[in-house]
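Welcome! Open the structure in your viewer and keep the selection tool at hand. We will go one stop at a time.

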Amino acid sequence: MAVDRLQREFVTSEGIDLRLHLGRVSERAAAFIIDLVIVMVTLFAFTLLAITAVVGSGTKEAAEATGIIWLLGFFVLRNCYFIAFELGMRAATPGKRIMRLRVVARDGGRLTGEAVVARNAMRELEFILPIQMLFAYGDGWLSWIAGLASTGMFLAFPLFNRDNLRVGDLLAGTWVVRQPRAELGHTVGQRRRSAPEFVFTEAQLDAYGEFELQRLEDVLRREDDLSLIVVARAIQRKIDWTGGGEDLDFLQAYYTALCLKLERNMLFGKRRADKHSKA
Amino acid sequence: MSGLDIAPALHVSSHRFREARSIDWYRLEELLARIEKGKASSLDDDDLFELPVLYRSTLSSLSVARETSLDTDLVTYLESLSTRAYFILYGVHSPFWRRVSHFFANELPAAVRGMWRETLVSLLITVVGAVAAYAMVTANPDWYFGFISADMAQGRDPSATVQTLRDTIHGADPEHLGFFATYLFVHNAGVALLAFALGFAFAAPTSLLMIYNGCTLGAMVAVFASKGLGLEFGAWLAIHGTTELFAIILAGAAGMRIGMATAFPGRLARLASAVKAGRSAAFVMVGVVVMLVVAGLLEGIGRQVVDNTLSRTLIGGAMLLFWLVYYYLKPARSRAAAMETP
């Protein structure tokens with residue numbers, strides 16, 4: 001499964017595996033773009049401020065102030081931004097927070113300051129320096145090719161290793177994991193008292209395994225009419241159901257019965273992954 | 001669906017489980033939200049005592065849920081909550097500003113000190129380059145353009161008159177000082193980062209860059225010395241050069257440290273060795289960037305304002321002394337180094 005390729009064992013000192021999921025390259029790229037936009041907008045704001053502040057003293061001073069802001073301000077701002085946010089409690093820049101990501105030490109220990117500094121210092125080399133070279137010496141086609149090649153090589157690096165590491169992560173001993181903020185939903189499959197009784201035979205409950213149960217849980221959680229009808233029909237055909245009843249009531253009853261049975265078997269150490277494995 | 005309307009006998013186990021334990025989970029969630037918002041100081045003693053207990057009970061809920069329940073919603077929720085709690089409880093940091101001051105007071109000098117061997121090599125390579133270029137240009141001025149391109153020389157070449165050369169040293173352009181300083185800083189930061197980055201290729205390109213840097217220096221000195229302006233040029237260079245050259249030498253040393261760690265990993269795996277070297281090298285690079293900011297200010301502003309050979313030399317000497325004392329003599333305790341020594 002696609003998800004399992006990114007799942008990593010992460011055992012806490014209490015001995016429980018938290019099963020972290022690494023961030024996808026697309027998510028990380030999106031987070032970086034968001035961060036870059038925030039830094040740029042801040043920079044533009046400062047520039048406007050500087051221009052309006054010195055507008056009385058002539059355009060030459062304004063141009064100079066703008067130059068300083070863009071050369072030095074950009075350097076200081078982007079580095080402070082990334083390092084300060086990643087050293088914070090949530091170990092994530094605003095872009096990463098929006099994408100539900102955080103930086104974690106690969107060895108499972110604390111995220112140290114030097115790791116954060118190292119992974120962000122490398123960003124300068126991976127991204128900023130080649131881009132600057134592109135603009136600074138961009139009059140010859142050779143420097144364009146060299147700049148593009150080195151940026152491309154660094155940017156594509158996360159695509160070519162198992163852990164989606166960029167060079168900075170590799171050296172700093174960090175990786176970026178997903179931290180989805182899950183809300184606790186309600187339990188599904190609780191029947192209304194007024195709902196009619198459904199009785200299923202053992203054979204009818206043997207039709208499905210855990211995988212199907214969890215898909216059914218999704219459907220019940222969404223309560224989307226069309227999928228309820230489709231799924232109810234599919235199950236009824238599969239188990240030769242002739243008892244009739246409302247689709248929602250039927251599905252809730254079947255979910256509850258199947259869940260009870262599979263969970264009981266679980267307690268005895270009998271798992272059934274899906275409908276293809278032996279009952 | 002209201003709670004009262006549910007047929008009680010048909011609860012799946014996850015429902016009973018949720019009812020019994022969810023109070024703890026919600027409480028933990030609330031405490032975590034407060035900490036993540038940066039209001040950790042609003043937690044009182046009771047909350048702080050409660051936090052690890054709630055965390056352990058959530059972890060145990062998670063492992064029970066994984067083994068007994070097929071409710072994916074529940075397991076996903078508990079995984080997410082436990083992960084959040086884990087990173088908050090075990091990733092305890094001291095406040096940001098304390099970490100920054102600790103870095104400059106202890107970690108940075110310790111990292112530079114730990115790299116003294118590479119720094120010496122880097123210095124040596126630069127000096128060899130400078131002496132060689134000096135000797136070559138003195139023997140045959142044609143060599144000069146082998147080291148320095150025409151647009152970098154800006155008329156400062158062996159054919160220039162004494163007056164032209166003297167003007168380049170003392171002719172101050174008082175306008176655009178700020179911009180000039182900034183431009184120099186960005187340029188030098190680029191060179192330093194390059195020296196560091198190229199270290200990964202087993203330190204060979206870094207060494208070449210250091211030699212080249214030394215050659216440029218030596219060739220320049222040779223031109224000015226041949227016209228009897230050696231001392232004045234030295235002062236012109238020293239005011240910022242002591243800081244700047246020191247920074248570039250350190251950047252080269254950091255690059256070499258990584259290169260050597262990659263080439264000769266010793267008992268560690270090659271990647272692990274590079275990671276270890278990369279961290280201390282990154283520390284040094286932060287110091288290098290700070291030094292380059294100072295050098296840029298001295299070069300762009302200080303040198304234009306102070307137009308006197310003696311004061312220029314004094315400022316340059318004082319800066320060198322300051323860096324040496326800060327990096328090598330100031331007592332510093334490094335947490336990282338303390339952990340490494342057995």
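## A short tour

Start by selecting chain B and colouring by secondary structure: from the N terminus on, its elements run α-α-α-α-α-α-α-α-α-α-α-α-α-α. Chain B has 14 helices and zero strands. Please keep in mind that you are looking at a predicted model.

Of its 342 residues, 42% are buried. Now think about which parts of the chain touch: among contacts between residues at least 6 apart in sequence, 81% join residues at least 24 apart.

Next, select residues 270-305 of chain B, which form helix α12, and find Gln304(B) within that helix. Is Gln304(B) buried or exposed, or something in between? Gln304(B) has 17 other C-beta atoms within 10 Å, so it counts as partly exposed, since a residue needs 20 or more to be buried and 12 or fewer to be exposed.

Now move to chain A and select residues 101-105, which make up strand β3. How many of the five residues of this strand are buried? Four of them are, so β3 of chain A is largely enclosed by the rest of the structure.

Look across from Leu101(A), and you will find Arg178(A) in β4(A) standing opposite.

Note on methods: Residues are numbered from 1 along each chain as its sequence is written. Chains are lettered from A and ligands numbered from 1 in the order in which they are written. This is a predicted model: local features need pLDDT of at least 70, side-chain atom pairs count only at pLDDT 80 or more; totals for chains, interfaces and linings use all residues. Helices (H or I, at least four residues) and strands (E, at least two) are DSSP runs, numbered from the N terminus. Two residues are in contact if their C-beta atoms, placed from the backbone, lie within 7 Å. Two strands pair if DSSP finds at least two bridges between them.
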